[in-house]
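Work through these exercises with the model on screen. Try each task before reading its solution.

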Amino acid sequence: MNTSTGTGTGTGTSTAPVLRAEAVTKRYQLPVTVIDRMRRSAPTALTALDGIDLELRRGEVLALVGESGSGKSTLAKILVGSVTATTGTLDADGERVPVHRDKDASRRIQMVFQDPYSSLNPRISVGSMLRELLLLHRIVPRAEVRAESIRILNLVGLEEDALDAYPSQFSGGQRQRIAIARAIAVRPDVLIADEPVSALDVSVQATILELFARLQRELGLSILFVAHNLAVVQHLSQRVAVMYLGRIVEVADTDELFRNPRHPYTRALIDSIPRMGAESVTDRLALQGDPPSPFDIPTGCRFHPRCPYAIDACRTTDPALAPVPLVLGTRPGGTSAVSTSAAGADSADAHVAACIRSAELGDVDPLHEPAIEPDDPALTRPDVLLDPERVVESDLDGVAPAAPAASAAHHQEEPSA
Ligand SMILES: Nc1ncnc2c1ncn2[C@@H]1O[C@H](COP(=O)(O)OP(=O)(O)OP(=O)(O)O)[C@@H](O)[C@H]1O
Ligand code: SF4
Ligand SMILES: [Mg+2]
């Protein structure tokens, strides 16, 4: 029987990578039509991923964030093995993951998809689905399959009677719980969640985020959580990796990233989070224009056509991810300051950014006041983060941070957070 502790006892966070991608690229060759040939100029290949280095540490939630088309799903699919990288390597627990994974290698990295409606087979009951998986991967003896299935359902906030039901009998949030149950049933080491809340009602999103946080705590799962909105992962993830046009452009602990973003793109993503009672948006860094085409990636720093801090060197220098330097500088008003950034001596690689001006764009740059204060009331309310327009300003007065509901009644719409 499988002895992995994936859905057993929890483990603490360590810095040993449970999954590591190195120099991963993905190029898609597109079919060429006769018209394309006649035009000659039509592009025939695009670069979805361009040299990705990323580590998922054991027991952590790492958020992967970026605009649409930045390559998040492509990377997620490569990590889970459903898409093959053009070049690059993957290691799990320090061992090379083969291109063609065997049953056990596949079991260890599971995926939760964005759309809980299409990701479940409507003709198979929840009980049959779990039974099939538990037997296929020999998770428990046959006689214990039903008890184990109930245990898994309880872990995701569902009751025993869900065993006999079919996906169509559940609400969207409950279907996503079932999809999560399917993923954790085989006791994976790693869960890759590709925008698992973005297809759900706003009122349900916080309950599913809370479920991921609980699974990390209770099972010691390592989770890569893909989102296009930084606000969604603020309370869930320990670290954040920011993606832009096929590259990772910044990685840092979540608090450090929000306080002290060192890449202008990250800063713009943070500034784009609507916040209650925030000052005028005019002094924020707005993100201009659409991302460039992956068919035609800009020279130098790929962000330079949209970057308000671009200088001539940015058009020719393609910056690699590098530890952000300590900032020595002068605060507005003339006082000297030394940054005590998290990228200190003990954690030299804790905060990395791909920007030749990352030192200047630190927390003492006159143009860069700390992006978000941790006690900003908007950041203590998951429901505000998820849908700022639903909460009027007076709702925040004197209200303690709200804990989202942890579970939902089976076969009924889930309650609002
Ligand atoms: N099978 C494919 N064939 C050709 N191009 C593809 C394929 N899959 C993805 N792409 C392209 O690769 C780039 C990255 O796509 P990907 O789906 O990974 O982005 P994403 O960050 O997940 O975006 P979204 O937030 O919209 O889900 C896009 O330009 C996309 O059009
Ligand atoms: S390298 Fe230049 S263009 Fe790129 S993010 Fe930094 S300042 Fe902007
Ligand atoms: Mg995607």
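**Exercise 1. Find which residues of α5 meet which residues of α6, then describe the crossing.**

Step 1. I152, L153 and L155 in α5 meet A181, I184 and A185 in α6. Contact here means that C-beta atoms, placed from the backbone, lie within 7 Å. Helices are DSSP runs of H or I with at least four residues, and strands are runs of E with at least two, numbered from the N terminus.

Step 2. Sort the contact residues by class: six are nonpolar, none polar and none charged. Ala, Val, Leu, Ile, Met, Phe, Trp, Tyr, Cys and Pro count as nonpolar; Asp, Glu, Lys and Arg as charged; the others, Gly among them, as polar.

Step 3. The axes of α5 (residues 145–155) and α6 come within 9 Å and cross at roughly 125 degrees. That makes α5 oblique to α6. Angles under 35 degrees count as roughly parallel, over 145 as roughly antiparallel, 65 to 115 as roughly perpendicular and the rest as oblique.

A note on the source: this is a predicted model, where local features need pLDDT of at least 70 and side-chain atom pairs count only at pLDDT 80 or more, while totals for chains, interfaces and linings use all residues. Residues are numbered from 1 along each chain as its sequence is written, and chains are lettered from A and ligands numbered from 1 in the order in which they are written.

**Exercise 2. Describe how α6 and α7 cross.**

Step 1. The axes of α6 (residues 172–185) and α7 (residues 202–219) come within 10 Å. Their crossing angle is roughly 20 degrees.

Step 2. The two helices, α6 and α7, are therefore roughly parallel to each other.

Step 3. List the contact: α6 gives G172, G173, Q176, R177, I180 and I184, while α7 gives V204, T207, I208, L211, L215 and L219. By class, seven are nonpolar, four polar and one charged.

Terms used. Axes are lines fitted to C-alpha atoms, for helices over the stretch in contact, and angles run from 0 to 180 degrees between N-to-C directions. Two residues are in contact if their C-beta atoms, placed from the backbone, lie within 7 Å.
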